[in-house]
Amino acid sequence: MSVHGDRAELVCFVLQPPRTQDSGRNASVVGTKKNETFVGDGDASVVVASAAASKPAAEGGKDVVLANDDDAIGGGAVLPPVSSEESANSTQESGVLEDEELQVQDAVANPPKKNNDSSSSNGSSPSVVPSNPATPPAPVQQIPSTTEVKAPADQQIPPIPEVKKADSETPLREWKPLCDVTSNRRIDWCELDGDVRVLGANASVTLVAPPGADDRTFREESWRIKPYPRKADPNAMRHVRVLTVQSVAGEAPACTDRHGDVPALVFSDRGYTGNYFHAYTDVILPLFLTARQYAGVVRLLVTDFQMWWLGKFLPVFKSISNYELIDLDSDPRVHCFRHVQVGLTSHYDFSIDPRRAPNGYSMLDFTKFMRATYGLPRDVAATDAGKRPRLLVIARARTRRFVNTEEIVRGAEKVGFEVVVSEGEHEVAPFAELANSCDAIVGVHGAGLTNMVFLPTGGVVIQVVPLGGLEFVAGYFRGPSKDMGLCYLEYRITPEESTLIDQYPRDHPIFTNPDGVKSKGWDSLKEAYLDKQDVRLDMKRFRPTLKKAIEHLKKAKSDSSSN
């Protein structure tokens with residue numbers, strides 16, 4: 001989508017549910033046709049593009065910005081932007097890698113300080129600019145221009161772990177390092193196969209040498225690992241407990257609890273999980289990606305155990321594992337396993353690359369899993385005859401609010417929607433049920449849009465992008481929504497639709513030179529465009545967007561009926 005004066009060009013990308021495991025996150029709209037007919041209602045012109053799943057684009061990743069997300073249950077967190085905006089009408093399929101996150105931070109006027117708190121003693125994460133410890137990081141940076149960065153290879157758990165057994169007749173494998181601290185910019189991770197002993201009391205995960213091991217098949221190592229996927233961010237990592245992952249040929253703590261062939265996953269639930277978006281992108285989604293392949297036969301060992309948070313998402317953990325969660329930090333027992341992974345598999349923020357996922361999992365699989373976890377009835381957006389499609393308006397409590405909500409409700413009802421307005425609540429299940437009962441969701445950029453995971457496939461996501469050249473942050477929901485099989489509509493407001501017009505004259509640099517504001521760094525951008533800005537939608541200009549959503553849902557209903 002692009003903005004030309006007061007004309008907003010909106011692009012609706014509809015991704016058909018992929019049939020193969022190569023579709024999903026990286027499905028592109030190459031070869032799609034744009035409808036040359038513009039909707040002339042008001043000042044908004046709408047372009048429609050639809051795409052079947054195609055071959056994956058180049059691998060890439062993206063980090064997410066959600067600043068002061070007061071719609072996040074459990075408190076808001078600020079995470080710096082680390083991806084760039086693609087061309088106005090592009091699909092922004094691959095986002096930006098964590099490599100670019102480091103490039104962005106290096107572009108700060110003040111040289112970045114060396115990060116002395118390495119996630120591993122055998123490898124180091126790139127240096128980053130520390131931020132105010134009171135809030136998650138906000139690097140002072142230039143907003144990056146569009147770049148295409150080649151993705152590093154990420155890890156993948158083998159669908160069936162190969163286990164080294166001391167009493168096996170199979171020859172021992174050649175030794176490989178326990179941990180990988182270089183291939184993934186998001187997280188350091190380790191895999192241990194054999195006689196593995198986990199003692200939470202001293203934060204150790206130990207592989208014991210099997211009988212007959214030699215220098216070719218076994219080496220003594222020691223790594224310091226923080227199992228949370230923000231390793232380049234010191235503010236996110238500062239409260240994550242360091243675990244010692246080691247291999248020893250001598251004495252080791254005696255087993256008190258043997259778990260046989262049941263594997264174990266060790267991870268932290270600290271970091272930014274108090275933010276609703278990061279709860280999903282940092283733990284829930286990586287946990288699905290890592291553990292779903294075990295069909296419940298897996299133990300979850302949680303360090304930095306937060307009962308309030310784990311309780312909030314308890315249905316998810318019960319769907320992932322058949323066993324009770326283990327509070328690793330306060331557990332005096334020595335748990336013995338044949339396979340342990342420290343750190344969860346993580347591809348991108350809020351997205352999966354099916355080509356690297358166990359069993360070819362995609363975001364469609366994730367949303368199906370989430371609907372099943374919360375017992376949601378609607379898998380496909382198809383309104384019954386005689387009923388209006390439902391639109392959920394995400395209200396925000398503090399920043400980036402809709403200040404004319406009643407007018408928005410009346411306008412949506414006029415074009416054919418039944419409208420519900422909700423800010424969300426602490427309990428996930430009630431809001432999940434509400435979202436699943438709707439066919440479309442609209443909200444200003446923020447963590448509340450994360451609830452699109454509960455929309456039925458074929459539904460519509462309308463993201464309202466605030467003033468200030470914030471199109472790059474819109475990509476953090478743009479790509480994932482398409483991966484979920486949803487129609488994505490993006491609406492960028494004009495200065496007249498921003499409450500900043502009530503605070504500054506029209507010729508102020510905040511309107512005339514947003515790049516200058518950005519050049520002063522993330523704190524400047526956040527204060528100007530995220531913390532002080534609310535939205536007053538021009539319903540004449542916004543109406544075509546609502547109409548386009550209605551048209552898509554009618555077509556989805558028609559297609560469903562014909563099938």
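Helices are DSSP runs of at least four residues, numbered from the N terminus. Aspartate 282 lies in one of these, helix α3. The model described here is predicted.

Aspartate 282 has a relative accessible area of 1%, so the residue counts as buried. Its side chain makes a polar contact with the side chain of arginine 230, at 3.0 Å. Leaving aside neighbours within four places in sequence, aspartate 282 is in contact with Arg186, Tyr228, Pro229, Arg230, Tyr272 and Asp349.

Helix α3 spans residues 276-291, and helix α6 spans residues 363-373. Two packed helices are described by the angle and the distance between their axes. The axes of α3 and α6 come within 10 Å and cross at roughly 95°. The crossing angle falls between 65 and 115 degrees, and α3 is therefore roughly perpendicular to α6. On the α3 side, the contact is made by Tyr280, Ile284, Leu285 and Phe288. On the α6 side, Met363, Asp365, Phe366, Phe369 and Met370 take part. Eight of the residues in this contact are nonpolar, none is polar and one is charged.

Charged pairs were examined next. Side chains of opposite charge can pair when their charged atoms come close. A search of the whole structure finds 26 salt bridges. One of them joins the side chains of arginine 333 and aspartate 331, with an N to O distance of 2.8 Å. Arginine 333 has a relative accessible area of 34% and is partly exposed. Aspartate 331, at 8%, is buried. The cut-off for burial is 20%.

Another salt bridge links aspartate 353 with arginine 356. Their closest N and O atoms are 3.1 Å apart. Both aspartate 353 and arginine 356 are buried.

Arginine 492 and glutamate 471 also meet through their side chains in a salt bridge, at 3.5 Å from N to O. This pair links distant parts of the chain, 21 residues apart. Arginine 492 belongs to strand β18 (residues 487-492), and glutamate 471 to helix α9 (residues 471-483). Both arginine 492 and glutamate 471 are buried. Elsewhere, salt bridges that share partners join Arg186, Arg230, Asp282 and Asp349 into one network. Of these, Arg186, Arg230 and Asp349 are also among the contacts listed for aspartate 282.

Arginine 241 sits in the loop between α2 (234-237) and β8 (243-248). Its relative accessibility is 22%, so arginine 241 counts as partly exposed. A polar atom of the arginine 241 side chain lies 3.1 Å from the backbone oxygen of glycine 200. Not counting residues up to four places away in sequence, arginine 241 touches several stretches of the chain. Its contacts include Gly200, Ala201, Asn202 and Ala203. Ile225, Lys226 and Pro227 are also touched by arginine 241. Phenylalanine 267 is 26 residues away from arginine 241 along the chain, and the C-alpha atoms of the two are separated by 9.8 Å.

Histidine 339 is found in strand β13, which covers residues 334-342. With a relative accessibility of 3%, histidine 339 counts as buried. Its side chain makes a polar contact with the side chain of aspartate 193, at 2.3 Å.

Key:
Residues are numbered from 1 along each chain as its sequence is written. This is a predicted model: local features need pLDDT of at least 70, side-chain atom pairs count only at pLDDT 80 or more; totals for chains, interfaces and linings use all residues. Side-chain values use heavy atoms; hydrogens and water are left out. Axes are lines fitted to C-alpha atoms, for helices over the stretch in contact, and angles run from 0 to 180 degrees between N-to-C directions. Helices (H or I, at least four residues) and strands (E, at least two) are DSSP runs, numbered from the N terminus. Angles under 35 degrees count as roughly parallel, over 145 as roughly antiparallel, 65 to 115 as roughly perpendicular and the rest as oblique. Contact means heavy atoms within 4.5 Å. Ala, Val, Leu, Ile, Met, Phe, Trp, Tyr, Cys and Pro count as nonpolar, Asp, Glu, Lys and Arg as charged, and the others, Gly among them, as polar. Buried means under 20% relative accessible area, exposed over 50%, partly exposed in between (1.4 Å probe, protein chains only). A polar contact is a pair of N or O atoms within 3.5 Å; within protein, one must be able to donate a hydrogen and the other to accept it, and residues adjacent in sequence count only if both atoms are side-chain atoms. A salt bridge is a side-chain nitrogen of Lys or Arg within 4 Å of a carboxyl oxygen of Asp or Glu.
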